[in-house]
Amino acid sequence: MEANTQIIDLQSLASGDILQLKTYHFQGKNGTKKAYIQANLHGAEIVGNAVIYELIEFFSNLNIEQIEGEIILVPMCNPVGANQRNLFFSTGRYSPYDGLNWNRIFWDYIHESPDLDTFVKFNINLSKEEIYHNYLTNIINNFSHKIKEINNSRSLPFSEHLRNVLQSLSLNANYVIDIHSSSVSAIDYIYSFDRRQKSTDYFLLEYAILMNKYDGNAFDEAFLNPWLVLEKKLNHEGRNITFDVEAWTLELGSGMRVKEESVKKGVRGIINYLTYKNILKLELIKPQNKTKFVLKNNLKHYYAPQGGIIRNRLQAGAKIQQGDTLYQLLTFEKKERKPTIIDIQSADQGIIYDVSTNDTVNQGEYILGIFPHV
Ligand SMILES: [Zn+2]
């Protein structure tokens, strides 16, 4: 089946040109569920565009009975970030206008302080489907006021406009998948949320970071948090409900690179997840191994104790024991008779999941991260 496409004017430029988004919609014959997939929110994180290309090819070869509901794909979802450069290097992690991290700009219904106690009081005895419908209506109504602000004479900062466009496409989805890469060099992994761990295995990735601490206003958090908060409140009143909504951030490979292995893993995982969720009518791959979870606040980050040049650094994916040498730091301290080399040992046992790409560091710069005890 062919995708329906839509072009959205995103930003009109001083030169008279227009930055646009192109969205690809696959609508099955039956079903009401919706999956939303975007890539390249951070400028250097380009792998997801290749994943979306492969998914468009794959879905185009399915027949209309093999898709139930709707799948929306948005490659290059932030053209401002994707086009940003310093020399030949893609930067694109922060908005040049206000310094905001492009993945901390999103709108979370809970931050509007909705009166959830009253909502729960009036909805507690309704069916799960009715509660879902009523709550989603509240979210969408509240958000529609935000969208209208672009039409008044004060208009909006660009980051709020981008947020509005991307969330207008996704707020009523059941499943959102935001494809990122490490901005440095990393293994492939996924972010997972409390109460949604079970689905994680179907992405067929070895590792997941479990979000037990929110940065706030990230795309996945802003989508899922309102539902998690409602589930908690309902649970407190004796209704144990898990709504059919999930949010995922895939971290595939490294910045400024398209590692084909990461593309393959991403495509395979997303197809299998959508099959597990019955949006695709295909054969499900039962996960052979369970995904290993690491709590977000247990991640171990290593920073340069002093400036210098990094040598013999271990690579992402390396298994390490406490006391292993992670890297050497060649320093040029002026008071020493000659340049010296310092061995930096690991304080943790685990696996290195990402490493910075620049081998020259000032004190306090990021060197690498470890998933401990996996
Ligand atoms: Zn990112």
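A: Let's start at the zinc ion, which is coordinated by ND1 of His42, two OE atoms of Glu45, and ND1 of His180, at 2.0 to 2.7 Å. A donor here is an N, O or S atom within 2.8 Å of the metal (3.2 Å for Na, K and Ca), and sites may look incomplete because water is not among the atoms. Before going on, note that this is a predicted model: local features need pLDDT of at least 70, side-chain atom pairs count only at pLDDT 80 or more, and totals for chains, interfaces and linings use all residues. Residues are numbered from 1 along each chain as its sequence is written, and side-chain values use heavy atoms, with hydrogens and water left out.

What geometry does the site of the zinc ion have? The angles among its four donor atoms run from 53 to 144 degrees, and the site is irregular. That word has a rule behind it: four donors count as tetrahedral if all angles lie between 85 and 135 degrees; four count as square planar and six as octahedral if opposite donors are over 155 degrees apart and all others between 65 and 115; anything else is irregular. Along the chain, the donors follow the spacing H-x2-E-x134-H. His42 and Glu45 are both buried, where buried means under 20% relative accessible area, exposed over 50%, and partly exposed in between (1.4 Å probe, protein chains only).

Now for the strands. Helices (H or I, at least four residues) and strands (E, at least two) are DSSP runs, numbered from the N terminus, and two strands pair if DSSP finds at least two bridges between them. Strand β3 covers residues 30-39 and pairs in the parallel sense with β4, residues 68-74, over six bridges. One of the bridge pairs is Ile37 with Leu73 in β4. Between β3 and β4 the chain passes through helix α1 (residues 47-60), a right-handed β-α-β crossover. Right-handed means that, with the strands pointing away from the viewer, the path from the first strand over the helix to the second runs clockwise. Strand β3 is also joined by five bridges to β7 (residues 175-180), and these two run parallel. Here, Gln38 has Asp178 in β7 as its bridge partner.

UniProt lists residues 33-275 as "domain: Succinylglutamate desuccinylase/Aspartoacylase catalytic" in an unreviewed entry; its positions are given in the numbering used here, feature names are shortened, and annotations may be inferred rather than shown by experiment. Over residues 33-275, the chain is 41% helix and 17% strand, and the end C-alpha atoms are 12 Å apart.

Let's finish with two residues further along. Leu234 lies in helix α7 and is buried, with a relative accessible area of 0%. Apart from its neighbours within four places in sequence, Leu234 is in contact (heavy atoms within 4.5 Å) with Val120, Ile124, Ile131, Arg239, Ile241 and Phe243. Leu234 and Ile124 are 110 residues apart along the chain, yet their C-alpha atoms are separated by 7.1 Å. Asn217 sits in the loop between β10 (207-211) and α7 (219-236). Most residues other than glycine have a negative phi. Asn217, although not a glycine, has a positive phi of about 65 degrees, and it counts as partly exposed at 26% relative accessibility.
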